[in-house]
Amino acid sequence: MTGADPIAQARAEIVRHGRSLFERGLATGSSGNLSILLDDGSMLLTPTDASLGGLEPDRIAHVTAEGAHVSGDLPSKEAFLHRAIYAARPHARGVVHLHATHSAAVSCMDGLDASDCLPPLTAYQVMKIGRLPLIPYHPPGDRSLAGRIAAIAVDHPAVLLANHGPIVAGASLRQAMNAIEELEESAKLFLLLRGVPTRPLDAGQIADLETRFGRANDR
Ligand code: ZN
C-alpha cells in the first residue's frame with residue numbers, strides 16, 4: 001500500500017463496500033450513500049442517483065471541504081448529511097447512510113423513545129452503536145436536517161432518521177460499515193422480538209461493557 005494514491009484507494013474502497021451492501025440486499029434501487037473524508041478535508045462520496053451495486057471508481061464524486069466539485073459525477077443529494085456528521089465528529093473518516101429494511105421499519109414505528117429508540121439487546125449493539133437517537137421526519141433535501149444531525153452526532157456515532165433510515169459514522173469506512181450492519185441486525189432482532197417477553201441488557205451490564213470496551217460514542 002505504501003505510496004499508493006489515497007484518493008484511488010478510497011474510491012476503490014467505496015466501490016467495494018457499495019457492491020457488498022447491494023448484493024446483500026442492504027441497499028436497493030439507488031438508495032444509500034457512502035463517503036470517506038480525506039486528510040485535506042475533501043470528501044469522496046457516492047454519486048447522485050447511483051446504484052451502490054454498480055459504482056465505478058472514476059465516477060465517485062470528489063468534493064472539497066468547501067463543497068466545490070473536483071471530479072467524478074455530482075455527489076448524492078444527501079451529501080450535506082455526511083458533511084454535518086464529519087463536522088460534529090472530528091475523528092470520523094467514514095459515513096454510511098442506508099434505507100435498510102429493518103432499521104427503516106423501526107424508523108416508522110410510533111411511540112419510540114426519541115433519545116434511544118432501540119432497546120439494548122446485545123453486547124455488540126451497545127459497543128458499536130450505543131444509544132440510538134431518533135431524529136424527526138424531514139422531507140428529502142431539507143437542509144434543516146443537517147443542524148439537527150450535527151447537534152446530536154456530537155454524542156452519537158449513529159442516528160436514525162424517522163420514516164427514512166440510519167446514518168452512521170466511524171473512524172474508517174470499514175468501521176462505519178460494521179456499525180451500520182450491527183444496527184440493521186439489532187433492528188431485525190427488535191422486530192422479531194415484538195410481542196415476545198424480552199430481557200434487554202440492564203444498566204449494570206451496559207456500564208460493565210463501557211468499562212471493558214469504552215463507550216460507543218468514543219469510536
Ligand atoms: Zn436517505
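Predicted model: local features only at pLDDT ≥ 70, side-chain atom pairs only at ≥ 80, totals over all residues.
Local features need pLDDT of at least 70, side-chain atom pairs count only at pLDDT 80 or more, and totals for chains, interfaces and linings use all residues. Residues are numbered from 1 along each chain as its sequence is written, and side-chain values use heavy atoms, with hydrogens and water left out.

Helices (H or I, at least four residues) and strands (E, at least two) are DSSP runs, numbered from the N terminus. Strands pair if DSSP finds at least two bridges between them. Strand S6 (residues 134-135) is joined to S7 by two bridges in the parallel sense. Together with helix H5 (residues 144-153), S6 and S7 form a right-handed β-α-β unit; right-handed here means that, with the strands pointing away from the viewer, the path from the first strand over the helix to the second runs clockwise.

On its antiparallel side, S7 is connected to strand S8 (residues 165-170) by four bridges, and Leu161 stands opposite Gly165. Three residues lie between the strands of this hairpin, where Asn163 has a positive phi near 50°.

In a regular strand the side chains alternate between the two faces of the sheet. In S7 (residues 158-161), Ala158 and Leu160 point one way, Val159 and Leu161 the other, and all are buried. Buried means under 20% relative accessible area, exposed over 50%, and partly exposed in between (1.4 Å probe, protein chains only).

Helix H2 (residues 79-88) is largely enclosed by the rest of the structure, because eight of its 10 residues are buried. Among them are Phe80, Leu81, Ile85 and Tyr86. The elements covering the buried residues of H2 include S1, S2, S5, H5, S7 and S8, where contact means heavy atoms within 4.5 Å.

Lys77 belongs to the loop between strand S4 (69-71) and H2 and is exposed, with a relative accessible area of 57%. Its side chain makes a polar contact of 3.0 Å with that of Thr48; such a contact is a pair of N or O atoms within 3.5 Å, in which, within protein, one must be able to donate a hydrogen and the other to accept it, and residues adjacent in sequence count only if both atoms are side-chain atoms.

The zinc ion is coordinated by Glu78, His97, His99 and His164 at 2.0 to 2.2 Å. Donors are N, O and S atoms within 2.8 Å of the metal (3.2 Å for Na, K and Ca); water is not among the atoms, so sites may look incomplete. Of these residues, His97 is buried at 0% relative accessibility, whereas His99 is partly exposed at 33%.
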